[in-house]
Amino acid sequence: MPNSPSPLAALLVACLLAAPARATEPAPPVDTAPPSVVASPTYEDGPFQPTLRVPGGPPRLRWNPVWPKVGWPELAVTGVAGVLALTTAIVSPRSNHRRGGILADEDVRSGMRVPSQRGRERAADASDVLLTFTLSYPFVVDALAVAGWRHRSPAVAMQMVAINAEVLAVTAGIQGLTNMLVSRERPYGRECGKSLDAESDACTGSVRYRSFFSGHTALTFSAAAVTCAHHRYLRLHGDRGIDAIPCVAGFLLAGTTGALRMAADRHYVSDVLVGAAVGTLIGYGIPYLFHYRKGAAIAPTDEPPGFSITLVPASVGTGAGLSGAF
């Protein structure tokens, strides 16, 4: 919240409003004027405009004018990618399924897989929680809370929201299309009819053949990468060291999510590695290539957000008017 103006400044404004304007040009302000009242440069008609500035809050975020804003083409891409992600989630994978691991998949599965079914279910639930938190962070914390509320820069917040949505939609669309076409059986598939009930949804549903590549991993790495891009170029916290914390934490949570997917026997290590690579490339590539590469990172402006009250002289003999700027 902006700081309240001092009683002295408020009294000064009230007195100036009550005094009639003079026909002659008023004298320039003297050096003894209160520090909170500053005179703006002379305008075309001559009179000075005393302005009461009431600062408050942290420095305001700025969108560098050389950075292109999100336009209709990108919004269209977001919409198409979102529709693709929903469609591929509904349409079953192709019937020619791929089974088994490649390279080190089986060895890593033996070491990472939780022995008990109950433990694997808990690992899967934990990965769902991390997915929800990691995907919410760039929207709720960075865009809405930090940029929109703390820095009072709704325009910057909306650009961040649009970029975040595009990143996640494109990631989900590519991942959904890939696992539908590849149709790789999940590692637990070989347990259907053995340690797993053959009639369970996990064994009879199309989810059984959506192993490659890991959607949880791709989406969390996308969210971590776009978080890094925003903090690198917008300096959301105003300090390079502090801005690195959400970036590093995001990748740690994303890596943990991928490990939990292997522990839950939902994915092979190859599924997780490809998901991490695709998510990182999309998450950082989209904001950088289409926006931030056009200019260097900038720090928040030194002018704090707040509001100003300006006395605007009216016609001769009619007093003065009051205008405000936020």
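Hi everyone. Let's start with a pair of helices: helix 4 and helix 7 run roughly parallel to each other, because the angle between them falls under 35 degrees. Please keep in mind that what you see is a predicted model.

How do we describe such a pair? Two packed helices are described by the angle between their axes and the distance between the axes. Here, helix 4, residues 117-150, packs against helix 7 at about 25 degrees, and the two axes are 9 Å apart. Their crossing is left-handed.

Now, which residues make the contact? From helix 4 we have, among them, Ser-127, Leu-130, Leu-131, Thr-134 and Tyr-137. On the helix 7 side, the contact includes His-216, Leu-219, Ala-223, Val-226 and His-231. Sorted by class, this contact has eight nonpolar residues, six polar ones and two charged ones.

Let's move on to a pocket, where helix 7 turns up again. Rolling a probe the size of a water molecule over the atoms shows where empty space is left. The second largest pocket holds about 370 Å³ of space.

What lines this pocket? There are 21 lining residues, and those nearest the pocket's centre are Ala-85, Ala-89, Ala-172, Gln-175 and Gly-176. Helix 2 (72-90), helix 5 (154-182) and helix 7 (215-234) each bring at least two residues to the lining.

And which helix gives the most to it? That is helix 5, with seven residues. As for class, the lining of this pocket has nine nonpolar and nine polar residues, plus three charged ones.

Conventions. Residues are numbered from 1 along each chain as its sequence is written. This is a predicted model: local features need pLDDT of at least 70, side-chain atom pairs count only at pLDDT 80 or more; totals for chains, interfaces and linings use all residues. Side-chain values use heavy atoms; hydrogens and water are left out. On a 1 Å grid over the protein atoms alone, a cavity is a set of points where a 1.4 Å probe fits but cannot get out, and a pocket is an open set with protein on both sides within 12 Å along at least five of seven lines; lining residues have an atom within 4 Å of a point. Grid points are joined across faces, edges and corners, and a volume is the space filled by probe spheres set on the points. Helices (H or I, at least four residues) and strands (E, at least two) are DSSP runs, numbered from the N terminus. Ala, Val, Leu, Ile, Met, Phe, Trp, Tyr, Cys and Pro count as nonpolar, Asp, Glu, Lys and Arg as charged, and the others, Gly among them, as polar. Axes are lines fitted to C-alpha atoms, for helices over the stretch in contact, and angles run from 0 to 180 degrees between N-to-C directions. Angles under 35 degrees count as roughly parallel, over 145 as roughly antiparallel, 65 to 115 as roughly perpendicular and the rest as oblique. A crossing is left-handed if the near helix is turned anticlockwise from the far one by less than a right angle, and right-handed if clockwise. Contact means heavy atoms within 4.5 Å.
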